[in-house]
Amino acid sequence: MTSLFSLLASALFFMALCFGLLQVKRWGRMWPLAYVLVAVLLVLPIGHWLVVEFVRGYFSDLSIATLFMCSLYLWQVVRPTAGKVPLSLHWFILAVALLLYPMSMGLTQFDPFAMGYAGNHLYNLLLLMLTGAGLLAWLTGLRHIAVVIALAVLANGFQVYESQNLWVYLIDPIAVIMSLVSVLLKGISLVFSRYKTSDMKNA
Amino acid sequence: MTKYLIKFSVPFLLIIGLMFSYYLPGASDSKFYLNPESNILLDQTPVFERFDVGVDSAKSMHSITTVALDNGDLLSAWYAGTREGHTDVEIYSSVFHAEKKEWSKPKSILNRYQVSDDLNRYIKKVGNPVLYRHPSGVTALFYVSVSMAGWATSQLNMSLSYDNGQSWHASKRLVLTPFLNISTLIKNDVITYQDGTIGITAYHELLGEFSHIVRVDLAGNVIDSYRITHGDHTIQPSVMLYDDKTAVTMMRDSSHDIEKVQRAISLDAGLTWSDYHATKVDNPNSAVFAFVDEKQRSWMLFNDATRNTELTRNNLGLAVSFDQGQTWQTKYYFENPEKLESDEGRYAYPWVTKSGDDVHIFYTWNRELFKHVHVNQAWLEALL
C-alpha cells in the first residue's frame, strides 16, 4: 500500500514536471492530450523498470508540500483562472527548511529530524507545535499552509509511506527548491517593476 | 451547512491526524541487551587457525560480515562483482561448517533487480551488507542500495531470514534522512536493546560526515535516531558494550588532517554521547572494528598507518585497551607485521564475530578474497 501511494505521488510530480517543461498551459484546449502522453510515458518500461520507478528511485517519497504545489499547478492547466501557490506557503516551506536541513545534515549534535520519529521524546512536542501552527494558519487566513500541515499530519498518522518520520510527510528538498525559485522570481519581478515605474516617472 | 463543512474541514483533518499520529507505536528508553556470558575454560589452549573465504568467486569482493548460528556454524555475507559499485555487484553468502572446518560455496542472495522489485523503484547498485542475529533467532540483513550516484547517496534497507540465512524475505527501506532519504550507510556490528529493538550503527556521508544509532524494531519500523557525533569526519562507528548502559564507540576518521581513530562514550544506553576525541591510534581514513572480550578488555582491528605512507592499508593490527578505549597498545599484526613498504597488499574492512570463547576475525584481502582467522580467549590472553 505504501508503494502505491508513493508511486502515485511520483507520477503526480513527474506529470507536473513534464507539463512545466512542455509548457502545457499554452496548449489551450489540447491539454487532455498532454495528460494522456505523460500517463503513457510514466508506465513506459526502460530495461527492468518503469519510468515512474525511476522517478521514485531518484526522488524518494514526495512530501505533501511538493504534492500540493504540483496539484495546484496541474489544476491551473485545466482551469487557467485557478489561484497560484501563495507566497506565504513558499516562505513557510523555506523557514521550515532552514530549521531542519542544516542541523539534520550534521551541523549540530542536536538532530531535529529525529524529533519526527514516534519514539523520540520530543515527538509529541513537534506534533503539538505543527498542529498549533496549522490551526493558527487556518484562523489567520493562511489556508494553504493549514491544508499542507493538516494533510502532512494526517498522512503521518496513517503512515501512507514507508517513512515513520513526520518531517518526511511535511517537506522535502523539491518543495524547498520550488519555493526558493518562486521567491527569487517574485523578488526579481518586484525589482524590475520598481525600476520600470521609476523610469516611467522620469520620462 | 456546506459552508460550515468547508470552514471546519481542515481543523477536523488536523485533529484526526494529530490523534492517529499521537498513537503511533514508539519505544520507551531501554537498556542494552548483553549476550549471556560464556563459561571460559581456564586451562584451554590457544587456538589460531586461518581460512580463506570466497576464493575465485568474483573479480572483486569487499565488506564481509558474519554472525554465529545456534549450532556453532557461521553465516557470512559480502558484496562482489566486476568492481566496487558496478551494476553487476550482488550480495553473496556462505556458511562455515564448524565441524568440517570449511566454507560452503558462495551463493548470491540479493542483486539490484530483486531489491528493485521489493522496493518498487530503480536501484543502481547494492553494497555494504551487515548481518545481525536477534536473540529471538531471527537473522537480519542490513545493506545499502544506491539509485542516484556514489555511495554518499546510499539508502539503508533491511531484510529478514527465519531459516538461518537460507532464504530472505522482501526488503524494506528505512527512511533516515530528510534529504531524499540519501546518505545513510552501515559498516559495523549492530546492537540490541532489552526491549528487543535493534540499534543500527549507521553513518552519514553527504555534506556532514557523522555517526548515529538508528533504532528499529524487527518489522523495520524506525523508532528513533541517536546522534553519536556531528560535523564532517567521524564515520563507521564500531560500538563496544560494557554493561547495560555504558557503550564506547571507535570511529574511522575521514578528514585529511587528524588521521587518528576517534572515540566517544555513552553512559545512558546510547541516547546521548560525549564529545568525540582523537585517540593516539593512527587511522589513514580506513575502517576499524572494536570488540570487548570475555574479561571486559577492549580490542580493536585497524590499519596502523597514516596518510604519509603511500600504501595506507598494507598492514592490519590488533590493539588492546584496558581503559575502555582511551589508550591502546598494539599487540599483533595479522598482515605485514614488519610494516614493509614493499607490501602492496590492501587489508581492509575488518569484522569480528564472537561465539562463546571463540573469536572469528575477518578482513578483505586485496579485494580478491577474505581472510578468516579463528582465535580464542586463551590466544588473546597470551598476547597480553
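User: How much area do chain A and chain B bury between them, and on which atoms does it lie?

Analyst: In this predicted model, about 4600 Å² is buried between chain A and chain B, with 64% of it on carbon and sulfur atoms. Of the area that chain A buries against chain B, Trp49(A), Met105(A) and Gln109(A) supply 16%, more than any other three residues. The contact draws 53 residues from chain A and 53 residues from chain B.

User: How many salt bridges and polar contacts cross the interface of chain A and chain B?

Analyst: Four salt bridges are found by the rule across the interface of chain A and chain B. One pairs Arg227(B) with Asp111(A), whose closest N and O atoms are 3.3 Å apart. As for polar contact, the rule finds 30 residue pairs across the interface of chain A and chain B, both residues being at pLDDT 80 or more.

User: Which helix gives the largest share of the side of chain A that touches chain B?

Analyst: That share, 10 residues, belongs to α7(A). By class, the side of chain A that touches chain B comprises 30 nonpolar, 18 polar and five charged residues.

User: How does helix α5 of chain A pack against helix α7 of chain A?

Analyst: Helix α5 (residues 87-107) and helix α7 (residues 143-158) of chain A meet at an angle of about 45°, their axes 8 Å apart. The two are therefore oblique to each other. Ser88(A), Leu89(A) and Phe92(A) of α5(A) make the contact with His144(A), Ile145(A), Val148(A) and Ile149(A) of α7(A). This contact has five nonpolar, two polar and no charged residues.

Conventions: Residues numbered from 1 in each chain as written. Chains lettered and ligands numbered in written order. Predicted model: local features only at pLDDT ≥ 70, side-chain atom pairs only at ≥ 80, totals over all residues. Heavy atoms only, no water. Axes fitted to C-alpha atoms, helices over the stretch in contact; angles between N-to-C directions. Helix = DSSP H or I, 4+ residues; strand = E, 2+ residues; numbered from the N terminus. Parallel < 35°, antiparallel > 145°, perpendicular 65-115°, else oblique. Contact = heavy atoms within 4.5 Å. Nonpolar A, V, L, I, M, F, W, Y, C, P; charged D, E, K, R; others polar. Buried area = accessible area lost by both parts, 1.4 Å probe. Salt bridge = Lys/Arg side-chain N within 4 Å of Asp/Glu carboxyl O. Polar contact = N/O pair within 3.5 Å; in protein donor to acceptor, adjacent residues only side chain to side chain.
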